[in-house]
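Please keep the sequence and the structure in view while reading.

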Amino acid sequence: MDFLQTEKKWQKKWDKSGLYKFDRSQADNKKYVLEMFSYPSGAKLHVGHWYNYGLSDTYARYMRMKGFEVFQPMGFDAFGLPAENYAIKTGIHPQDSTLANIVTMEKQLKAMGAMFDWDYEIKTCMPDYYKWTQWCFLKLYEKGLAYRKEAPVNWCEGCNTVLANEQVVDGCCERCETPVIKKNLTQWFFKITDYAERLLTGLDKLDWPEKTKTMQRNWIGKSVGGEITFELENGASFTVFTTRADTLYGCTYAVLAPEHPLTLKVTTEKQKKAVEDYLDYAARASEIDRLSTAREKTGVFTGAYAINPINGRRIPVYVADYVLFTYGTGAVMAVPAHDERDFEFAQKYDLPIERVIEAKGDENDDLPYVEYGVMTNSEEFDGLGVEEGKAAIIDKLKEMGKGDYKINYRLRDWLISRQRYWGAPIPIVYCDTCGEVPVPESDLPVTLPYDVDFTPDGTSPLLKSESFMHTVCPKCGGAARRDADTMDTFVCSSWYFLRYPDNKNSDVAFDTEWINKMLPVDKYIGGAEHACMHLLYARFFTMALHDMGYIDFEEPFTSLVHQGVILGPDGARMSKTKDNVISPDEYIQKYGSDVFRTYLGFGFSYIEGGPWNEDGLKAVHRFLERVERITGQLIAVKESREDGKREILYAENYAVKHVSADIENFQFNTAIARLMELVNALGKYIDANPDKDTSVSAAKTLILLIAPFAPYFAEELWEAAGEKYSVFDAAYPVCDESALVLDTIEMPLQINGRVRARFNVPSGATKEDIERIIMNSDDLRSYFDGKTVRKVIIVPGRIANIVVG
């Protein structure tokens with residue numbers, strides 16, 4: 001078969017007939033299969049695109065053949081930093097490069113042979129999409145879920161600009177390698193923390209990989225403990241959150257984060273210079289560096305003292321960068337005897353280390369002792385266990401008005417402001433009279449201007465567009481200025497799955513009744529690297545829109561699958577610098593897309609990936625050619641016979657059963673291996689004077705089974721078999737369980753655990769029947785004749801083991 005010509009033939013026919021158009025009248029029987037949409041940062045599809053989209057299309061095609069009305073749209077996550085950086089380097093406008101890349105990728109995706117319904121395409125950089133992204137912002141703003149405050153950003157003094165986290169490499173700017181510092185800017189946030197508990201508990205009912213759910217649970221980071229108030233000698237106070245209130249008697253100093261608003265306020269005049277120098281030093285470290293257990297602990301005494309509320313003890317207050325303002329309250333009660341970081345800091349600065357928890361029994365109780373033990377040196381609380389002690393301490397603090405029970409989350413509000421050009425503008429204006437004013441929905445979209453200088457100069461690029469910045473206040477009609485920042489591109493992808501089914505609706509973001517029919521997404525497929533950002537943000541958006549009454553479901557993706565990573569032939573991640581990048585185009589031009597996508601299914605465990613092997617591609621090419629020969633031979637059989645039917649029906653139904661289960665579980669490699677076993681069985685059957693009807697039926701079953709993997713190829717074989725167009729309108733085979741019950745089954749004969757022979761027994765044979773068959777067979781008995789049989793172990797249908805001495 002000429003695979004390339006076959007693809008052109010069927011692609012043309014599919015397009016002309018509209019084979020994959022979604023039938024909206026069948027929405028009650030829908031199966032929404034969605035792949036995470038791609039970013040058009042390159043001009044060509046890479047192997048990762050094929051691995052994700054080609055094999056998820058296999059699943060979608062299988063579902064269509066099982067009778068579902070499959071909705072499988074495709075679009076592009078088109079805003080973002082790479083296009084803007086490319087524009088800065090080359091002078092090519094990000095809109096021009098992005099749209100050109102999309103045109104190329106559309107052609108390649110169509111040639112892939114996937115069932116994408118292009119009538120539902122979206123491009124997030126187009127005004128007809130980001131109009132509704134801005135609408136989402138306004139809805140969150142109305143509900144108090146979008147707010148503005150001052151927050152630290154990554155700042156490069158060399159480039160004089162703000163950097164995204166992705167642009168900071170080893171604490172330095174990726175462009176000029178200048179050390180990056182923290183700088184406070186006024187930013188927009190989404191209040192995702194209001195949904196922390198629901199985001200946490202909602203994971204329990206999702207069919208997601210357990211590892212991904214664990215990552216989200218850890219990212220949300222629920223801690224149950226107490227909040228304790230420490231008063232300063234100057235009259236001010238601060239609170240700390242702790243999960244170990246039982247150690248409060250061992251608190252010998254307190255620590256404020258460098259960013260804590262009290263840090264400079266409590267610092268004495270004598271310590272001011274040292275603290276200011278330290279704050280400048282701390283601003284140059286990333287949060288990851290600051291949290292590192294290997295990094296030496298540093299800090300400075302503020303000159304201030306606080307009072308430990310449980311015992312009235314006067315304790316010094318330090319500033320240290322191992323405490324983060326973004327977690328808890330930004331202040332900690334330091335208990336060096338029972339916390340490793342506090343212990344290291346106390347040793348360095350010669351601070352008291354006092355044990356208040358002792359080990360139980362023979363446990364090692366060297367300091368720092370961080371396990372659960374028994375309270376000691378804690379006055380009336382001595383002898384209490386940890387849990388009992390926590391409650392007793394907090395109860396006493398509560399009576400004193402100095403503490404209470406508290407649940408804390410590691411999750412922080414989502415900072416969505418970006419001082420970049422290529423993104424959705426924020427629909428807010430600022431008026432000297434009215435202040436902060438949302439843009440009315442009737443004035444959306446706030447259109448991103450084309451003629452903008454995005455050369456980095458320390459400010460948002462949109463500030464340089466006078467025509468964009470100057471506007472009229474929607475409230476008073478006076479002069480106003482627009483917000484100069486754009487939204488994080490994760491905002492665009494946090495609701496796109498809601499827009500797909502209603503992408504041409506110009507009146508609303510989506511029709512509620514229609515979207516409630518179409519969602520949630522039944523199967524979502526994409527990379528595990530999105531576990532704690534995109535997947536969490538999409539869940540937040542869905543819950544928020546549910547609470548506003550726009551949708552009646554709370555979770556966007558019922559079932560989730562992650563694909564693995566295809567590595568280079570050397571087993572390393574593909575990289576131009578390693579010269580191990582595999583270009584799909586050269587292989588597709590040589591073998592065709594069906595061979596390529598079938599190899600991706602066969603050569604790797606889908607959820608794990610693995611190293612590229614060209615020999616595997618050649619093997620799959622030979623396999624498909626053999627399928628073509630065997631189906632042709634089976635269909636050409638002319639005579640009717642009775643012999644051998646049962647065995648081939650067994651092989652056929654065995655394949656149907658296991659290939660079906662494997663596809664549903666995204667175990668494509670084992671599914672294709674089953675198909676290879678079936679082809680081998682059919683090859684033997686052809687050599688044994690096959691029956692006409694059985695042969696034709698088996699050929700059609702094989703074509704139907706292979707269709708989800710090699711769609712163009714299957715269409716050609718289906719037509720050659722005399723069947724009507726299209727193979728994807730045919731029903732997927734159903735296993736006949738009765739065909740899997742054989743009159744006889746094969747069993748291995750082991751002698752002292754080693755397989756020496758195989759023999760057939762009736763399928764319902766008992767232990768006694770099987771032992772009798774062995775003992776009455778001269779051939780089988782020859783393996784242990786002359787030896788003493790010490791034991792006979794028989795598991796019917798599995799093994800027969802003769803233990804001899």
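The text below describes a predicted model.

The second largest pocket has a volume of about 510 Å³, and of the 22 residues that line this pocket, Glu647, Ile648, Tyr650, Ala651 and Leu742 are the closest to its centre. The elements that give two or more residues to the lining are α21, α22 and β28, and α21 gives the most, with seven residues. By class, the lining residues of the second largest pocket divide as follows.

| Class | Lining residues of the second largest pocket |
|---|---|
| Nonpolar | 11 residues |
| Polar | three residues |

Helix α23, which runs over residues 692-706, has 15 residues and reaches 21 Å from its first C-alpha to its last, close to the 21 Å expected at 1.5 Å a residue. At the start of α23, a side-chain oxygen of aspartate 691 reaches to within 3.4 Å of the backbone nitrogen of aspartate 693. The buried residues of α23 include Thr694, Ser695, Ala698 and Ala699, as well as Leu702 and Ile706, and what covers the buried residues of this helix includes α2, α20, α21, α22 and α24.

Aspartate 488 lies in the loop between β23 (486-487) and α14 (489-492). With a relative accessible area of 5%, aspartate 488 counts as buried, because that value falls under the 20% cut-off. Not counting residues up to four places away in sequence, aspartate 488 touches Trp414, Leu415, Ile416 and Arg418, and its side chain makes a polar contact with the side chain of tryptophan 414 at 3.0 Å.

Terms used. Residues numbered from 1 in each chain as written. Predicted model: local features only at pLDDT ≥ 70, side-chain atom pairs only at ≥ 80, totals over all residues. Heavy atoms only, no water. 1 Å grid on protein atoms, 1.4 Å probe; cavity = no way out; pocket = protein on both sides within 12 Å on 5 of 7 lines; lining within 4 Å. Points joined across faces, edges and corners; volume = space filled by probe spheres on them. Helix = DSSP H or I, 4+ residues; strand = E, 2+ residues; numbered from the N terminus. Nonpolar A, V, L, I, M, F, W, Y, C, P; charged D, E, K, R; others polar. Expected span 1.5 Å × (residues − 1). Buried < 20%, exposed > 50% of the residue type's maximum accessible area, 1.4 Å probe, protein only. Contact = heavy atoms within 4.5 Å. Polar contact = N/O pair within 3.5 Å; in protein donor to acceptor, adjacent residues only side chain to side chain.
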